[in-house]
Amino acid sequence: MTFNLIFMSTTKDFIVEQLKEQITNFKTSLKEQTVGRVIEIGDGIARIEGISEVMMSEMLEFFPSVKAAEDKKAASGSVYGLALNLEEDRVGAIILGDYLGIKQGDEVKCLNKILQVPTGNGIIGRVVNPLGEPLDGKGEIQADKFYPVEKIAPGVITRESVRQSVQTGIKVIDAIIPIGRGQRELIIGDRQIGKSAIAIDAIINQKDQNMKCIYVAIGQKESKVAGLVAKLEQSGAMDYTTVVLAGASDPASLLYIAPYAGCAMAEYFLDKGEDVLIVYDDLSKHAVAYREISLLLKRPPGREAYPGDVFYLHSRLLERACKLSQEFGGGSITALPIIETQAGDMSAYIPTNVISITDGQIYLMPELFYQGSRPAVDVGLSVSRVGSSAQTKAMKKVAGKMKLEAAQFRELAAFTQFGSELDKDTKAKLERGKRLQEIFKQGQYSPVCAANQILVFFALINGLVDDVPVEKISDFETGLYKYAAMFGAKALKEITDKKDLSEKLEAEMKGLIQDYKNSLDY
Amino acid sequence: MKITVKQFALSLYEAIDGKTSSQAKVVIEKFVELLAEKNQLAKANKIIEEFIKLWNNKHGIVQAEVASANELNEETVKLLKNYIAKLYNAKQVIISEKIDKKLLGGVIIKYEDKVVDGSLKARLVELKNKMIK
C-alpha cells in the first residue's frame, strides 16, 4: 500500500517535471498568415475573398463559426478545403468534408502547402478516406511520409518497358489479355456484370506475388465496400491491401481527389522499388463528380456537360502508372481503371477517352454474362497492347495457339449458325472451341495459379480434352488440379521455376494428364 | 464590356493624381457624371472603398487593425506603429484599435488579408496542440 502511494507520488512528480520542462522549452515564433473570408457558400463550394497569395490546389483551413458548430456534434474543429479556381478578386474552393457548419463571413487560412496524404507501411491493411483518415476504427494511421496528391508522372528517362507479368489468376485474362507490371488495363462493361469482381480476384491472387494493392472505391455503396473488405480479410488479402473509400454519400470533392490520393499512397511504395497494383473503381463516377464540381465553379460545360479538361483529368492520373528502370528503383504501378458503360455504349465520351489513354481494355459483354460464361470477357473486343511481352515463355507457348483457336471458333460459330452440313475438320474445330469456352469459365474468388493454368491449356491445345464431354469440363479441370497437386508436384514446380516448357517436361505433362484421364469413368 | 469597380477606382486615381484640390473637384464632378451615365451610381460606395485602398497603397499608408485584450498605452502604440511600418515598408501607419477580452494578452495585427497573431490565446492553443502530440 505504502509502496503504491510512493509510486503514485513519484509518477505525479515525474509528470509535473515533464510538464515544466515542456513549457520552459516551448518556443513560438510570430508568423504572418494570409487569411480570407467566405463570401459565398453552398453545394460544397466556397468563394473566398482575400487570401491573395494562395497557390493552385493549396490546402485551406475553414473555421466554422462557433455557433453553427455547437449545433452539430462535431464542434471540435476546422474543415479543410482545396483552392481550385483562382480568379481576379476571389478564389473558388471545394470543401473536403462537412460544409454545413461554414457560413458567410467565416475566416479561411492558407496552409501554405499543396494537398497531401499520409502514406507508408502503416496504411497497409487499412480502410481510409481520401484524406488518409481511418474509417475502419483501428486507430490512428502511422504515416511514414506525406505525399502530394497531385504529382507530375515520371518522365521518359526514368521509365522502362513492361517486362514482368501481373498474375490475375483469371484464366482468360492471363492467357489472352495478359497484363504486365506497370501497364494500365481498362475494365469496361455495363453495370452488374462482374467488373469489380475481376479486379477483386486480381487483388486476391496477388498473395505471395510481391505486390502491394490499393483499391480505390469512388462513389461506391458503402455496404458493397464493407462486404468486399470482409471478403479480402477472409482470403488474407488485407495483409497487403489498402482500401481508399469515397462513398456514395461523400461530397463530390472527396470523390474527385480519391484516385489521386490512392495513387499518391501507391507512389510511396513505387519510390521504395516495390510493385503496386491499383484499382480505380470506377472512373465514370469520378468524371461525374468532377463535372459536378466544375459546373458549380461555373466552368463552361462541353460535350455531355463535362468540362473541357476531363481528358486531362484521367490522362494525368493514368500516366502516373509506370514501370521505373533499375536505376530509379525498378518499382512499378499497375493501374486497373474501371469504366461503367450505359447499355453497352462504348462510344460515349468518357469510355472513348479512357480507352485511348490505357494500354488495352477488358470488355465485358452482358450477353456472355447471361449465357453463364463468367467472367463475361469478350475475347474479340478485348486487347492488351503491351502485356504479351511480359508473359512467361511457358504461357506464351500455350497461349499463342489458344488465341488462334479462339479466333477460329468465333468465326466458325458465327458462320455455322445458318445450320449447313459441316465437314469433319470444321466440326472438330467447333468442338475444340466449345471446350475452350468452357475452360475459360471460372467462379468468383477462385483464382488459378499460373502452373495449373498452363497445365490445363496444354491439355486443351494438344487435344487431350477433345474426348471429354463439354458438360464435364469443369469437373475434369478441378479434378486435374487435385491430381496434379498429388502426383505431378514436380512438373508443376518446374513450370513455375523455369517458366519455360522443355520437350521433356511436355512429355511429362502429357503422361500426367493421360494418367489422370485413365482414372476417370467418362 | 463591363467595367469593374477596380477599373473605375484606378482611372479616378490616375485622373486625380498630381492635381490641386480645385482641379480634383472638377475631375470628381465629371467622374460622378460618368457614373450616372453608365448607371453605376449604386457602386459608388465600393468604388470609394477601392479608391482608398489604392490611394493608401500608392502613398505608402497602411491602415492596420490592432486587437488587444486591454487598452494599449501610447508607448506600445508607438512601438507597434514602428513594427508595422517595418513589416510592410510603409511611410505612414494608421491604427484602429479594438478591445477583445478573449485574447487574454498580446495583440493581433490585421492588414488587408494578412494577420500576425501575437495573442496569448493563440500561444496557449499552440502549446496545447504541442503537448497533446
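Two residues are taken to be in contact if their C-beta atoms, placed from the backbone, lie within 7 Å. By that criterion, 11 residues of chain B are in contact with 12 residues of chain A. The side of chain B that touches chain A draws at least two residues from each of β4 (114–119) and α5 (120–132) of chain B, where helices (H or I, at least four residues) and strands (E, at least two) are DSSP runs numbered from the N terminus.

This is a predicted model, in which local features need pLDDT of at least 70 and side-chain atom pairs count only at pLDDT 80 or more, while totals for chains, interfaces and linings use all residues. Residues are numbered from 1 along each chain as its sequence is written, and chains are lettered from A and ligands numbered from 1 in the order in which they are written.

Between the chains, strand β1 (residues 32–42) of chain A runs antiparallel to β4(B), joined to that strand by three bridges; within β4(B), Val115(B) is the bridge partner of Gln33(A).

| Domain of chain B | Residues |
|---|---|
| domain 1 | 5–58 |
| domain 2 | 61–132 |

The C-alpha centres of these two domains of chain B lie 32 Å apart.

In chain A, Leu186(A) belongs to strand β12 (residues 186–189). Leu186(A) counts as buried because 25 C-beta neighbours lie inside 10 Å, the cut-off for buried being 20 or more other C-beta atoms within 10 Å. Beyond its neighbours within four places in sequence, Leu186(A) has contacts that include Pro337(A), Ile339(A) and Val354(A).

Definitions and conventions: Pairing = 2+ DSSP bridges. Buried ≥ 20, exposed ≤ 12 C-beta atoms within 10 Å, placed from the backbone. Domains from an automatic or database assignment.
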